[in-house]
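Dear colleague,

Here is the structure that I promised to hand over, with some notes on its aromatic rings below. Please read the notes with the model open beside you.

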Amino acid sequence: LEKDPRFVQAHLGVSAVYIRSATSGFTRPGEVWPRAEAELEKVLALDPGNVVARCSFATLRLIVQWDWTFAERQFAELVDDPGILVGDGFRGIALFLWGTGRANDAVALLERALRVDPGSLETRVNLADSLANAGRLDEAIGQYRSLVEAEPTFASPRFGLADALKRRGDVAAAIESLRKAYELADEPVGSKALASARTVQDYER
């Protein structure tokens, strides 16, 4: 039974739940990271070449232990494998590329992921963030605005939009975007603080 592929998928599923619960703030990371790693180790014992497990394990090593060397070696081997586009395997690589100053490479990877799953809001936000990080502000703003139009109650893209607008010099629009983002995120302190904001200094404060 240990060789049954369904066991591999089950362990992958459990590890994904642990990782998501921690990165989304639902559980304490210190409690679930070891459990996620244990599930991934079970997968790799059954299927050492499993692309999703290798990506997830390298991502954990990156964000938990700051093991950039291990992550870079793993990601370099996996970045061109189509298997990383199944599930969330590519997100850790995109994060690593962003963190090492290769935002345009992150953009290219996220565009690949969107060709596989064009309806993913999370990946579209990731793409907009990477475009902004690469200094491609007009493209980023276009992406953020399309997300806001498609999902008007979704707070995440409005935070990115606010920053990109501020960097482009459109302070009034940046303030309004950030105020609305706080409102949608149920953060009344931020929304109230921005109600009377008018300048870059107000925005920063």
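Trp66 is exposed, because its relative accessible area is 61%, where exposed means over 50%, buried under 20% and partly exposed in between, with a 1.4 Å probe and protein chains only. Trp68, at 31% relative accessibility, counts as partly exposed.

Please bear in mind that this is a predicted model, in which local features need pLDDT of at least 70 and side-chain atom pairs count only at pLDDT 80 or more, while totals for chains, interfaces and linings use all residues. Residues are numbered from 1 along each chain as its sequence is written, and side-chain values use heavy atoms, with hydrogens and water left out.

A search of the whole structure finds 5 aromatic pairs; rings of Phe, Tyr and Trp (its six-membered ring) pair if their centres lie within 6.5 Å, and planes under 30 degrees apart count as stacked, over 60 as edge-to-face and the rest as tilted. One of them joins Trp66 and Trp68, whose ring centres are 5.8 Å apart with planes at 45°, so the pair is tilted. Ring pairs also link Trp66 and Trp68 with Phe75 and Phe96 into a cluster.

Phe159 and Tyr182 have ring centres 5.5 Å apart and planes at 85°, so this pair is edge-to-face. Phe159 is partly exposed, with a relative accessible area of 29%, and Tyr182 likewise counts as partly exposed, at 26%.
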